[in-house]
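User: I have a new protein model open and would like to get to know it. Please take me through it one question at a time.

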Amino acid sequence: MSQHTHALTEFLAGLRYEQIPDAVLARTEDLFLDWLGSALASAGAHPIPLFERYAQEMGPTSGPSRIFVNRGSSSAYFAALVNGASSHLVEQDDLHNSSVLHPATVVFPAALAAAQHLRKSGRELLLASVAGYEAGIRIGEFLGRSHYRIFHTTATVGTLAAAVAVGKLLEFDQKQFTHLLGSAGTQAAGLWEFLRDAADSKQLHTAKAAADGLLAAYLTREGLTGAQNILEGEQGMAAGMSTDADPSKLSDRLGTRWALAETSFKFHASCRHTHPAADALLALMQREGLRADAIASVTTRVHQGAIDVLGRVTVPQTVHQAKFSMGTVLGLIAVHGKAGLTEFHELALTDPAVAAFRDKVSMILDPEVDGAYPARWLGRVEVTTTDGRRLQGAIDEPKGDPGNTLSREELEDKFRRLVQFSNARSADEAGELIEQVWRLRETTDLSQLG
């Protein structure tokens, strides 16, 4: 085992609740509420009922761990599976920039399901979640940009992040965490090819990452051994999945840099790669008093990662695929002023004005933007108007980034909108869920959460 993997597992084993700053604990609560809203927002929407039926057929029909979209329950494994799928459908879950990882949708489903099964407290859930975020983010940064070009990092790294969170609930020591990473890492999978076909694999990715992470942790508790150098070994993850891996990222400022606090919230209901350009266009249109019909063309200046992911979608065939179409997202922003869940479901595929605007949008690689990525996601757009003017828009921190974050009031409003969108809970129930999350640090019984 390398020094960097050793440092990471040693940190995870030694991490205590009392070591975590209050601001980080508060941020974890914020992220948890944001995740819960995303999980509830997909109730009844394809393909989530498929996962529900699978869990009903293969797992127990009830159990200690809650399934949010149907108010049911099951074993920890199947609750993690369904909640992992449901929280990654509406594209409103969080993202950590430099790791290009969506931590919430893999960490919280596994951690909460296991915490409910193991009768853990809210403080123990928060500790476990912080451990999952800190490990997952660093492993994502370690695997680098080359990994993300082919592999969906939230699927691959997410398996390890989920495993770490559950391992912390199981109070693993350094040796157990090493075995745990080995068993989680050997299961890590998830490829971007699904985007070309508008396939449903993205939800399978997060479902399996959460559930397989939990599987690895529970088997490690029983004594299952795993590879001792799964991250950096000659036939490990970096060797097979990256060409620019940087082992030093694994141990970067452990205990002083709280990477969880760097995580961004999603404001628009679309792929995060569209957000910088969307915000830059919106700011430009407001600054110039510009209407959509006065715009002849929009050139978005983007990083290579955006081209790799969004370039696969030309004319979207489904609402979910539309969230990965730069032209569609900017069309909703330009024509309707926002790109929320309602706009996507009611207008993205049917509004002729959005389709017409989509065809005016192009992406080009910008050296400045690409050089800043993934640490910073810059928004740069060039607009040509119908009367021949050339205008430029720029933003350095999209709405939701740590430097331009959402307040608790805004997070509560977002949560209520997400729940209302699917009708998964009443307004009063949504309010009670918000209060439950804000009371996590004092909660001794998590069985009623949800």
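**Helices, a sheet and a few residues**

User: Which crossing does H7 make as it passes H10, left-handed or right-handed?
Analyst: Helices (H or I, at least four residues) and strands (E, at least two) are DSSP runs, numbered from the N terminus. A crossing is right-handed if the near helix is turned clockwise from the far one by less than a right angle, and left-handed if anticlockwise. Where H7 passes H10, the crossing is right-handed.

User: What kind of model is this?
Analyst: Residues are numbered from 1 along each chain as its sequence is written, and side-chain values use heavy atoms, with hydrogens and water left out. Local features need pLDDT of at least 70, side-chain atom pairs count only at pLDDT 80 or more, and totals for chains, interfaces and linings use all residues, for this model is predicted.

User: How is H7 placed relative to H10?
Analyst: Helix H7 (residues 153–169) packs against helix H10 (residues 201–222) at about 40 degrees, and their axes are 7 Å apart. Axes are lines fitted to C-alpha atoms, for helices over the stretch in contact, with angles from 0 to 180 degrees between N-to-C directions. Under 35 degrees is roughly parallel, over 145 roughly antiparallel, 65 to 115 roughly perpendicular and the rest oblique. So H7 is, relative to H10, oblique.

User: How many residues of H4 are buried?
Analyst: Buried means under 20% relative accessible area, exposed over 50%, partly exposed in between (1.4 Å probe, protein chains only). Among the buried residues of H4 are Phe 78, Leu 81 and Asn 83, and the helix's buried residues pack against partners including helix H2 (22–41) and H10. Of the 11 residues in H4 (residues 76–86), the buried ones number 10.

User: Which residue in S4 is the bridge partner of Thr 300?
Analyst: The open sheet has 4 strands in the order S4-S3-S5-S6, with mixed pairing; two strands pair if DSSP finds at least two bridges between them. Strand S3 (residues 295–302) and S4 run parallel, joined by 5 bridges, whereas S3 and S5 are antiparallel over 6 bridges. Thr 300 stands opposite Val 381 in S5, and in S4 its bridge partner is Met 363.

User: Does Ala 427 count as buried or exposed?
Analyst: Ala 427 belongs to helix H20 (residues 427–438). Its C-alpha is 9.7 Å from that of Arg 417, 10 residues away in sequence. Its relative accessibility is 56%, so Ala 427 counts as exposed.

Definitions and conventions: Contact = heavy atoms within 4.5 Å.
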